[in-house]
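Here is a short report for a first look at this structure.

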Amino acid sequence: MVIAEESLMYRNVVWHSYKLHYADFERALEDFNQKLVNAHLTISGPLFYALHNVPLDEMMEIDIFVPVEQTYVSREKTLLFQTYFFIDGMLMTRMKGDYEENTEVAYAEIFHFVKDNNLQITSPIFHILRGDDEVQWVDLKVKVFDPEENKLDHRTSLLDKYSRK
């Protein structure tokens with residue numbers, strides 16, 4: 001099931017970019033965790049990552065993110081920092097169970113929804129890792145744009161109206 005009008009909203013987010021073979025994903029997560037430890041940061045929210053490409057060639061371009069308690073991270077660290085992270089107008093689906101198998105199904109759900117509703121994807125695919133010791137799941141989110149909603153109509157725009165005076 002695809003849910004519309006979702007968002008991602010976090011404060012004090014650190015991230016690092018990786019280009020890697022999909023089989024090395026766990027190693028990237030370990031590297032990211034070590035960067036957090038080395039920077040003495042305290043996690044305050046879920047780890048999530050943005051997949052910038054569909055890895056048909058088995059190579060992934062990703063940014064790994066996590067909110068932290070600290071309000072400042074030195075530029076000398078190997079992590080990038082931003083005070084606010086916000087994206088709205090997103091679609092979301094959730095997957096549980098076998099991650100590799102269910103990812104394809106979840107992507108297909110989102111892509112079919114986008115196609116069936118004449119939308120355009122305008123962001124990477126975000127994977128938000130959720131759960132506890134007993135149950136884990138992944139929320140997939142992607143920002144979409146509806147070209148029909150953003151067409152200028154026949155009414156005079158405010159800019160046109162006031163620029164004639």
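From the N terminus on, the elements run β-α-β-β-β-α-β-β-β-α. That order holds three helices and seven strands. The model is predicted.

How far does the C-alpha trace span along its principal axes? The spans are about 60 × 40 × 30 Å. The protein has 165 residues, and 37% of them count as buried.

The surface comes next. The protein exposes about 11,000 Å². Carbon and sulfur atoms supply 51% of that area. On the charged side chains, 17 are positive and 28 are negative. The centres of these two sets lie 12 Å apart.

The table gathers some overall values.

| Property | Value |
|---|---|
| Share of the residues that count as buried | 37% |
| Distance between the charge centres | 12 Å |
| Volume of the largest pocket | about 640 Å³ |

Now the pocket. The largest pocket has a volume of about 640 Å³. Its lining is made up of 20 residues, and the closest to its centre are Tyr22, Pro55, Tyr99, Glu100 and Thr103. Which elements give two or more residues to this lining? They are helix 1 (25-38), strand 2 (48-51), helix 2 (99-116) and strand 6 (125-131). Helix 2 provides the largest share, six residues.

Key:
Residues numbered from 1 in each chain as written. Predicted model: local features only at pLDDT ≥ 70, side-chain atom pairs only at ≥ 80, totals over all residues. Heavy atoms only, no water. Helix = DSSP H or I, 4+ residues; strand = E, 2+ residues; numbered from the N terminus. Buried < 20%, exposed > 50% of the residue type's maximum accessible area, 1.4 Å probe, protein only. Areas by Shrake-Rupley, 256 points an atom, 1.4 Å probe, with all protein chains shown as cover. Lys, Arg positive; Asp, Glu negative; His and termini not counted. Charge placed at Lys NZ, Arg CZ, Asp CG, Glu CD. 1 Å grid on protein atoms, 1.4 Å probe; cavity = no way out; pocket = protein on both sides within 12 Å on 5 of 7 lines; lining within 4 Å. Points joined across faces, edges and corners; volume = space filled by probe spheres on them.
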